[in-house]
Amino acid sequence: MDLRGFMSDMIRSELEDAVGQENVSVSTGEKLAYGTDYFWLARMWVDKGQMPPIPDYIVRPGSAEEVSSVLKIANYYKTPVYTWGGGSGTQGGALAMAGGIMMDTKRMDRLINIDTVSGTITVETGMVFQTMEWYANEQGFSVMHIPSCLTCCTVGGALAHNGIGIMSTKYGKIDDQCLGLEVVLPNGNIIHSLQVPKHSSGPDIRQMFIGSEGTLGIMTKATFKMVRLPEVRKHHAFLFKDMPTGIQACREIVQTLKPSIMRLFDEAETVSIIKKVLGFEKKGAFMNLTVEGKAEIVVVEEKIVLEICDKYGAQYLGTEYGEKWYENRITFFYPGYMMNNPQMFGTMDTTATFDKIEKIYWAMKHAVEDNFPDVKFIAHCSHWYDWGTMLYDRFIMDNPPEDPEEALRLHNKIWNTGVRAALANGGVINDHHGVGLKLGHLMKEQYGPAMQVLEGLKKALDPNGIMNPYKLGL
Ligand SMILES: Cc1cc2nc3c(=O)[nH]c(=O)nc-3n(C[C@H](O)[C@H](O)[C@H](O)COP(=O)(O)OP(=O)(O)OC[C@H]3O[C@@H](n4cnc5c(N)ncnc54)[C@H](O)[C@@H]3O)c2cc1C
C-alpha cells in the first residue's frame, strides 16, 4: 500500500491496540517470510532473487474478538487482509498481492471441547491439523482427515480450501467432516452456523465458508465429527495393464464398498514416482488399496476387492507394497522424491464424473505433451466418490527457462492449456487444492452466469473488497 506521512504508523498503532504490540510486526525479514507459500511460481520468483509480494503488517490475533477488531480497522482504512494458516497452499492463496495486513492465525490454537458421547471435537482454526488428530486419538477416535500436509497445514487452511485426506474414499472430504463453524465476517461480526449440519432451515451457512479461501470471512472455530479408530487396517496392492482398466475396476469397487484408501497411478507415474518411493519395478498401472473397520467385515471386503480386481485382469501384489505405500504416505513429498526447483511443475487437480474422467485424462495428457514436447504429464486418481473421481494430474519440466518472466509465462501457458482441456471435456478445475491466485482467472469460464451467485455473496459480505483480493476469481 502506498501510504504517506504517518498514515502507516497510525494504522500500526491501532492494530497494536487490538492485538498487543508484541503481536504486530513490520520487520522486513518477517514480511519476506510471508512472501511465498508452496505455489511454484512464488517459490521460483524468490529463488531467482526477485522481490516477492509482501504485506505491510503482520498481525497475530489470539481470539475471534481480536480478529473482529482487526477487521473493523481494516474496513475503516479499506486495507486488504490476508489470512495465513500454515502457508502450505499450492495456489498462492495466502499471498499479499496488494499489500495490507497479513493475519497469521496460529496463536488461535486451543482445544475448545471433546464430546465422546456425540463424537465431536471443537478447536480454534489456527491449530495444526495433526494436533487436533492427536487430541482425538487420545480418546480412541480419529477425525479421519489425514492429508499429506497433516503436519504443516492448519485446520482453517484445510477448511478454506475444502481439503481432502488420504482416507477420503471411506470418510469423506472436509466438508463432510466439519459440523459447524464460527466465522468473523469482514465487518467484524462474529457468527455461528447452526448446531447441526443436517437441517432444512435454509441454505447451509457452514458450506458458504468452507472453500471460500479467506475471501468472505475468517473462520475462527470449527467442530468436527470423530469416528472410532478402526479395529484393523489392511493394505493391498495390484497392477493393472493400464490406467483405463484400473479406472473401471476402481469404479466397480467404490460403487460396491468403501475402501479408506484407493490410489491408482497411471503408467508414467508407476515407472517414475512409485518406482522411486516404493522400489516397485514393473510396468503398468499400480494401485494400492486399504480396507478397515471391524475385523469380520474387513475379511468380507477384502474378498470382494480381490474378486473385482481379478475380473479386470489385475495382478495381485500381496500386502507388501500396500503397507509400504502407507508407511511412505508423506515421504512422497519429501525433498528428493517430490519435484522441486529448478524443475517447473504444477498440479492441475481435476474432478469429474465416471462417464467423463477417462476422456479428460487423455485430453489433458495430449494437450500438455503435444503442445509442450519437453513437458511430462503424470497422473493418479486418489479420491473416489460414488459418482466419479479426481485426477491428481501433474506437469513436469526438467529444464525450464532461466529468465523468471519467461518461466512465469510458460508456466501459465501450460497450466491454462491443460485446465482448459479439462473444462472443455466436462471437468471441474479443482478437487482440493483450491483456486487461489493461480486459477482465479478461470472461474468465470468454469461457472458461466452462475458466477454471479459467488460475486453477489462477495459484494454483500465484503462491500469494500478487503478480503484476500485477487483470489478465487473474486
Ligand atoms: C507437501 C504438501 C502436501 C499436501 N497434501 C494435501 C492433501 O493431501 N490434501 C489437501 O487437501 N491439500 C494438500 N496440500 C495443499 C495444502 O497444504 C492445503 O490446501 C492446506 O489445507 C492449506 O492449509 P494452510 O493452513 O497451510 O493454509 P494457507 O496456505 O496458509 O492458506 C490457504 C488458504 O486458506 C486461507 N485461510 C487460511 N486460514 C483461514 C481461516 N482460518 N479462515 C479463512 N481462510 C483461511 C488463506 O487465506 C488461503 O487462501 C498439500 C500441500 C503440501 C505442501
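This dialogue explains how to read several features of a predicted model.

Trainee: Which conventions apply to this model?

Mentor: Residues are numbered from 1 along each chain as its sequence is written. The model is predicted: local features need pLDDT of at least 70, side-chain atom pairs count only at pLDDT 80 or more, and totals for chains, interfaces and linings use all residues.

Trainee: How many strands form the sheet that contains β1, and in which order?

Mentor: Strands of a sheet pair through backbone hydrogen bonds, either parallel or antiparallel. Two strands pair here if DSSP finds at least two bridges between them. Helices (H or I, at least four residues) and strands (E, at least two) are DSSP runs, numbered from the N terminus. In this case, 4 strands form an open sheet with mixed pairing, in the order β1-β2-β4-β3. Its edge strands, each pairing on one side only, are β1 (24–25) and β3. Strand β2 (residues 57–59) pairs with strand β4 (residues 101–104) in the parallel sense over 3 bridges, and V59 has M103 in β4 as its bridge partner.

Trainee: What is the order of the sheet that contains β5?

Mentor: The order is β5-β6-β10-β8-β9, an open sheet of 5 strands with antiparallel pairing. At the edges stand β5 (111–115) and β9 (190–192), each pairing on one side only. From one strand to the next, the twist averages 10 degrees; angles run from 0 to 180 degrees between N-to-C directions, and axes are lines fitted to C-alpha atoms, for helices over the stretch in contact. Strand β8 (residues 178–184) pairs with β10 in the antiparallel sense over 6 bridges, and V184 stands opposite I218 in β10.

Trainee: Which strands does helix α4 lie across?

Mentor: Helix α4 (residues 64–77) lies across β2, β3 and β4, running at about 170 degrees to β4. It also lies across β8, β9 and β10, at about 45 degrees to β8. Residues count as in contact if their C-beta atoms, placed from the backbone, lie within 7 Å.

Trainee: How does one read the packing of α10 against α12?

Mentor: Two packed helices are described by the angle between their axes and the distance between the axes. The axes of helix α10 (residues 243–254) and helix α12 (residues 295–311) come within 9 Å and cross at roughly 150 degrees. That makes α10 roughly antiparallel to α12, on a scale where angles under 35 degrees count as roughly parallel, over 145 as roughly antiparallel, 65 to 115 as roughly perpendicular and the rest as oblique. In α10, A249, E252 and I253 meet V305, I308 and C309 of α12.

Trainee: What is the angle between α10 and α14?

Mentor: Helix α14 (residues 354–371) packs with α10 at about 160 degrees, their axes 11 Å apart. The two are therefore roughly antiparallel to each other. Here M243, P244, I247 and R251 in α10 meet F354, I357, E358 and Y361 in α14.

Trainee: Which residues come nearest to the ligand?

Mentor: A residue is near a molecule or strand if its C-beta atom, placed from the backbone, lies within 6 Å of it. Of the 37 residues around the ligand, G85, G89, G156, G157 and G163 come nearest. The largest share of this shell, 4 residues, comes from α6.

Trainee: Where is the cis peptide bond?

Mentor: The bond from N341 to P342 is cis, with omega near 10 degrees. P342 is found in the loop between α13 (320–327) and β16 (344–347).

Terms used. Two residues are in contact if their C-beta atoms, placed from the backbone, lie within 7 Å.
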